[in-house]
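Visitor: Hi, I'm new to this one. Could you walk me through it?
Guide: Happy to. Let's have a look together.

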Amino acid sequence: MIGVIQRGTALLSSRLSEPAIGSFLRALGCRSYADAASFPYEPKEFDISVTRNRGVDILHDPVYNKGTAHPLIERERLGLRGLLPPGALTMAQQKARAMHRYWHGESYIDPSQIESGGVTHEHTRKWLCLQELQDRNETLFYRLLVENFVEMAPIIYTPTVGWACANHHKLYRRPRGMYFSANDRREMASMVWNWPHDQVDAIVVTDGSRILGLGDLGTNGLGIPVGKLDLYVAAGGFHPGRVLPCVIDVGTNNELLRNEPWYMGLKQPRLRGDAYYEVIDEFVTAVMGRWPKAVLQFEDFNIEHAAPLLQRYRHHHCVFNDDVQGTAATAVGGLYGAMAVAGKPASALADQRFVVLGAGSAGMGVVSMIALSMAKHGLSQEEAASRFYVVDHKGLITAQRDGLEDHLRPFARKDESIEAEAFIDVVRRVKPTALIGLAGAGRLFTPDVLKLMAQYSERPIIMPMSNPTSRMECTHEEAQLHCEGRAIFASGSPQEDVQFGDKTCAASQANNMYIFPGLAMGALLARSNAVTDGMLMAAAETLATMIPAKELSEGRVYPSMHQIRDISLSVALATMKAAADEGLLHNSNAVKELARGNAYLRRYIHKHMYVPQYTTLMPLDPHQPDPTAAALRNGA
């Protein structure tokens, strides 16, 4: 049954003792490892190879790495569980995928799918180029990303990341991050030790259920945490060796994916109810058990689970949901910027009337945080809620609606019984000063709607925040054309400036990367063990203070992405000061620096931000402790 021991080290579980391995070799007539290395190769039906390597060392060894073809029992023996997608492919499937790539490159991916997401072949070419560089040289990759952030961020993240996720099963080359699945129940606490790094500062996780505006992509959704953490590093200064992207695979309801032969996730419908929450609970317990100081960010969970999961963990761990809270803080920051562009004080936010299209987790998170901001400027909670008209696919949300979800109740219209009213009729009757779109349903800010907005406000605020580009409620060009060049505009996906007559109308991108890298860095350095609404509000309020007067005069409601590291540093500073105000600044070193003044705390944060540059490498004496690990343990 045993045919060969291949030359060099080999694939035998390190769980076998030295005597057991010796017995194995003697059974083959080998008196030593040297004999084994020269053992003649006579292929049999079953071949066994022996190695001392485990985990990522196997995956980085081109001789013994099988990629996604490692069978499940071998993954368990070799410490590979969680380091590969849960679905194992056969060599025949791997050959088919490799030959497709050989003959067609990326062109075998449907071009219409690329264009519909606002992604061009030039985007995909650049994405592949950067992925190859990251595989070879992470330091150089991040140096390029830091120095060319405005150019490369849309390649690393939205909109290109949507294309990458939709086609992850076709583009897969090497594993990044960790995969947890429903099949790993009662094993996750041990699985996390397969990750090779003892220090993890930030974890981003998705269950793949609502990837951007593309829906359920299952385990393909890992591309979102990977791209997000690239931004943590480039924008927020996190160390690339101390971040962990994760996906939790509980199945997928996407039948097209389940029928894809190369799809590497669980080919079963999604878990629901208690079974779903048991998997998520076990994941959170496992990762926070091994890395209790890490910031944990939830990303792209569908509305059914996003808010409940946030409430489930936010009081026990340093957890936030970027779709709910990051989007909300970004929107509030943009509205404060819009007040400044219109020449109004921040307190004028309390005078605005909003029609919000979309009542999902992101939409209602935005509504809730804007209402909190309005309350800071003198309105009661009831008065603030009365300034919102929320519309979903059923129409205006009213208190009379059957089966009204709890998160909608505070903003359901209690004074109106009209529910199935068309969106344009709501706009016509309310006469809002601001439109916010988070429905992900395409061009619902129609020309007629935009023309009405131009009638009701001298500087109408138009914020189509849905991603990707194909799901935006309107384009910048459409907004300026129908609002006569007077719109204050910010969108979720990038848009170009527009020329209207002799005037250049500036576009702003309401991108969460203004918030989440600095927010996470501030929470990490504060050792706050929580991300509070006060910390989020402080982060949002910081953005408008960083817009130069010239850019305000051009109509820009966010600071330039060219200064993203300074923005993240300022957001981190505001976050830590808010934590101190709430008694959550538990880092004694940061407390001392803050007592000396803001400049000292700012310098402390800057000192902890990773700079991608080459360092001199020295060999480590295997008998001496690792000084880097010791420094990390005793650091911030």
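Guide: A word on terms before we start: two strands count as paired if DSSP finds at least two bridges between them. And keep in mind that this is a predicted model.

Visitor: Okay, so in what order do the strands of the five-stranded open sheet come?
Guide: The order is S1-S3-S2-S4-S5, and the pairing is parallel.

Visitor: Which strands stand at the edges there?
Guide: Those are strand S1 (178-181) and strand S5 (319-321). Each has a single partner strand, so one side of each has no neighbour in the sheet.

Visitor: And how many degrees does the twist average from one strand to the next?
Guide: The average is 25 degrees.

Visitor: How many bridges pair S2 with S4?
Guide: Four bridges, in the parallel sense, between strand S2 (residues 202-206) and strand S4 (residues 295-298). To find one of them, look at Val204, whose bridge partner in S4 is Gln297.

Visitor: What about helices, which strands does H15 lie across?
Guide: Helix H15 (residues 273-290) lies across S1, S2, strand S3 (243-249) and S4. H15 runs at about 155 degrees to S4. Helix H23 (residues 516-526) also packs on this sheet, where it touches S4 and S5. The direction of H23 makes about 145 degrees with that of S4.

Visitor: Now the seven-stranded sheet. What's the order there, and what kind of pairing?
Guide: That open sheet goes S8-S7-S6-S9-S10-S11-S14, with mixed pairing. Its edge strands are strand S8 (395-396) and strand S14 (508-509), each pairing on one side only.

Visitor: Do S6 and S7 run parallel or antiparallel?
Guide: Parallel: strand S6 (residues 354-357) is joined to strand S7 (residues 388-392) by four bridges. Val356 stands opposite Val390 in S7. H18 packs on this sheet and touches S6, S7 and strand S9 (434-437), with its direction at about 180 degrees to that of S7. Helix H20 (residues 423-430) packs on the sheet too, touching S6, S7, S8 and S9.

Visitor: You mentioned H18. At what angle does it cross H24?
Guide: Helix H18 (residues 361-376) and helix H24 (residues 533-544) cross at roughly 80 degrees, and their axes come within 11 Å. That makes H18 roughly perpendicular to H24.

Visitor: Which residues meet in that spot?
Guide: From H18 you have Met369, Leu372, Ser373 and Lys376, and they meet Asp533, Leu536, Met537 and Glu541 in H24. By class, the contact has four nonpolar, one polar and three charged residues.

Visitor: Switching topic: how many cavities of 30 Å³ or more are there?
Guide: One. The largest cavity holds about 340 Å³ of space. Its lining has 20 residues, with Trp127, Gln131, His168, Arg176 and Val226 nearest its centre. Sorted by class, the lining has eleven nonpolar, four polar and five charged residues.

Visitor: And what volume does the second largest pocket have?
Guide: About 1,100 Å³. Of the 50 residues that line that pocket, Arg210, Gly360, Leu438, Ala439 and Gly440 are closest to its centre. Helix H17 (322-341), H18, S7 and H20 are the elements that each give two or more residues to the lining.

Visitor: How does that lining divide by class?
Guide: The lining of the second largest pocket divides into 18 nonpolar, 20 polar and twelve charged residues.

Note on methods: Residues numbered from 1 in each chain as written. Predicted model: local features only at pLDDT ≥ 70, side-chain atom pairs only at ≥ 80, totals over all residues. Heavy atoms only, no water. Axes fitted to C-alpha atoms, helices over the stretch in contact; angles between N-to-C directions. Parallel < 35°, antiparallel > 145°, perpendicular 65-115°, else oblique. Contact = heavy atoms within 4.5 Å. Nonpolar A, V, L, I, M, F, W, Y, C, P; charged D, E, K, R; others polar. 1 Å grid on protein atoms, 1.4 Å probe; cavity = no way out; pocket = protein on both sides within 12 Å on 5 of 7 lines; lining within 4 Å. Points joined across faces, edges and corners; volume = space filled by probe spheres on them.
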